[in-house]
Amino acid sequence: AVIGAGTMGGGISMNFLNAGIPVKILEMKQEALDKGIAIIEKNYQSQVKKGKLKEDKLAQRMGLLSTTLNYDDLKDADLVIEAVFENRSLKAQVTQEAEAVMNAAGVFATNTSTLPISGLAQASVRPTKFVGLHFFSPVDKMRLVEIIKGAHTDDETLARAYDYVLALGKTPIVVNDGRGFFTSRVFGTYVMEGAAMLGEGIPAALIEHAALAAGMPVGPLAVMDETSLSLSVHVMEQTRSDFAAEGKTYVTSAGENIVERMVNEFKRSGRASGAGFYDYPSSGPKRLWSGLKQHFEKPLTGEPQALQLRIKQRLLYRQAVETARCLQENVLTSAHDANIGSIFGIGFPAWTGGALQFVFSEGLETFVNNCRQLAQQHGQGFELSSEVIDCLMKHRP
């Protein structure tokens, strides 16, 4: 069963249907349910028109799909995945209502991309059966699924989650809990470094082109539009709230400040609203918003080619540093998962062999020295602690 018929819920459901596994989608309102099912049907019809799917297969897959507005109808599900909005209280409510009717052996999974699993599991009456299953958007194209182990998740639940991911034909990696886990945490450094450079006055087009030249599949500003600037702001607000509850203060980064300005000051929340870092005209391709030049860009100093090389270095190094930190903090348990996850989950350039392999290809001493210089010029995001350096030395091939 999947709770939520939005973009992620619908995409996750289609993956199970494609694998021949019956799916029941639950929504709170019939209108939302109808809209979600219509999008699934539209996606399948598109595959039929392109010759990728036959009509009989379409009928077979849709025959495996059922819908409900009632939690009682989830009682026979072996696996329930919630794919609702990134709001802690909403997820807690969904967890409690689903668990009240689930069978005792069933697994409850959350598709959160940032909220710590152990914290979400506090709403559960059976935290040993609570696990994170982080699918990536677009779900039909992204091969990786990040399985997140909470503080109380037992081995059987992990094994069953792993089996489900394999049954979908996807690539699983298992990570330990932490804010943003591995992929969202590292992905966040990529997009926010791009936003930070925009705030420094670097032309948006140069940032985007440099990212593509480095081997990233999409520029940081474009991908933030796709995932929604307003969602990024919402995650920041939830993080601030979580920090405050712990008696701590969350300090936003330079990139986060730019994103908040885009949403709150300029009312540009991403592609879904038709206005983000890019404009999305009804006719013709997207184009960078002209306001970026007015509000952020400064005259270039130095050679554009040298600046492009610097941008490429910053974007790749920032992600590699955060990956190394995840390994040292035991969010990641192996260099293998770091490399596989960075390529298939984040889009880290395949030519590097993955984020950690990139570090070792640079040469550990060179990497450390370059990070020291970058930290002096661009902030603590590039700092390597002695513990992280020791960890890299232990995992060096």
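This is a predicted model: local features need pLDDT of at least 70, side-chain atom pairs count only at pLDDT 80 or more; totals for chains, interfaces and linings use all residues.

Reader: Is L58 buried or exposed?
Author: L58 has a relative accessible area of 8%. Buried means under 20%, so L58 counts as buried.

Reader: Which residues does L58 touch, neighbours in sequence aside?
Author: Not counting residues up to four places away in sequence, L58 touches Y44, Q45, V48 and L53.

Reader: And how far is L58 from E27?
Author: Their C-alpha atoms are separated by 23 Å, and the two residues are 31 apart along the chain.

Reader: What is A123 in contact with, beyond its sequence neighbours?
Author: Leaving aside neighbours within four places in sequence, A123 has contacts with A92, T95, Q96 and E99.

Reader: What is the separation between A123 and K91?
Author: The C-alpha atoms of A123 and K91 are 8.5 Å apart, while 32 residues separate the two along the chain.

Reader: Now P138, please. Where is P138 found?
Author: P138 belongs to the loop between strand 6 (130-135) and strand 7 (144-149). Its relative accessibility of 36% makes P138 partly exposed.

Reader: How far away is H295 from P138?
Author: The distance between their C-alpha atoms is 31 Å, and they are 157 residues apart along the chain.

Reader: Let us step back to the whole chain. How many helices and strands does the protein chain have?
Author: The protein chain has 17 helices and 10 strands. Its radius of gyration is 22 Å, close to the 21 Å given by the globule rule for 397 residues, so the chain is as compact as a globular protein of that length.

Reader: What box do the C-alpha atoms fill?
Author: Along the principal axes, the box is roughly 65 × 55 × 45 Å.

Reader: What share of the residues is buried?
Author: Buried residues account for 52% of the 397 in the protein chain. The accessible surface is about 18,100 Å², and 51% of that surface belongs to carbon and sulfur atoms.

Reader: What share of the contacts joins residues at least 24 apart?
Author: Among contacts between residues at least 6 apart in sequence, 68% join residues at least 24 apart.

Reader: And the charges: how far apart are the mean positions of the positive and negative ones?
Author: The two mean positions lie 5 Å apart, for 40 positive and 43 negative charges.

Reader: I would like to hear about the aromatic residues. How many aromatic pairs are there?
Author: A search of the whole structure gives nine aromatic pairs. One of them joins F266 and F296: the ring centres are 6.1 Å apart and the planes stand at 85°, so this pair is edge-to-face.

Reader: Which parts does that pair tie together?
Author: F266 is in the loop between helix 11 (254-265) and strand 9 (278-279), and F296 is in the loop between helix 12 (291-295) and helix 13 (304-328), so the pair links parts 30 residues apart in sequence. F266 is buried at 15% relative accessible area, and F296 is buried at 5%.

Reader: What about Y317 and F367?
Author: Y317 and F367 form a stacked pair, with 4.7 Å from centre to centre and 25° between the planes. Y317 lies in helix 13 and F367 in helix 16 (residues 364-378), so this pair ties together parts 50 residues apart in sequence. Both Y317 and F367 are buried.

Reader: Which aromatic cluster includes Y317?
Author: Y317 forms one aromatic cluster with F348, W351, F358 and F367.

Reader: One last topic: backbone angles. What is the phi of K267?
Author: The phi of K267 is positive, about 60°, although K267 is not a glycine. Most residues other than glycine have a negative phi. K267 sits in the loop between helix 11 and strand 9 and is exposed, with a relative accessible area of 62%.

Reader: And what is the phi of N330?
Author: N330, also a residue other than glycine, has a positive phi near 70°. N330 is in the loop between helix 13 and helix 14 (335-346), and at 44% relative accessibility N330 is partly exposed.

Methods
Residues are numbered from 1 along each chain as its sequence is written. Side-chain values use heavy atoms; hydrogens and water are left out. Helices (H or I, at least four residues) and strands (E, at least two) are DSSP runs, numbered from the N terminus. The radius of gyration is taken over C-alpha atoms; the globule rule is 2.2 Å times the number of residues to the power 0.38. Buried means under 20% relative accessible area, exposed over 50%, partly exposed in between (1.4 Å probe, protein chains only). Contact means heavy atoms within 4.5 Å. Accessible areas come from the Shrake-Rupley method with a 1.4 Å probe; for residues, only the protein chains shown count as cover. Lys and Arg count as positive and Asp and Glu as negative; His and the chain ends are not counted. The place of a charge is taken as NZ of Lys, CZ of Arg, CG of Asp or CD of Glu. Rings of Phe, Tyr and Trp (its six-membered ring) pair if their centres lie within 6.5 Å; planes under 30 degrees apart count as stacked, over 60 as edge-to-face and the rest as tilted.
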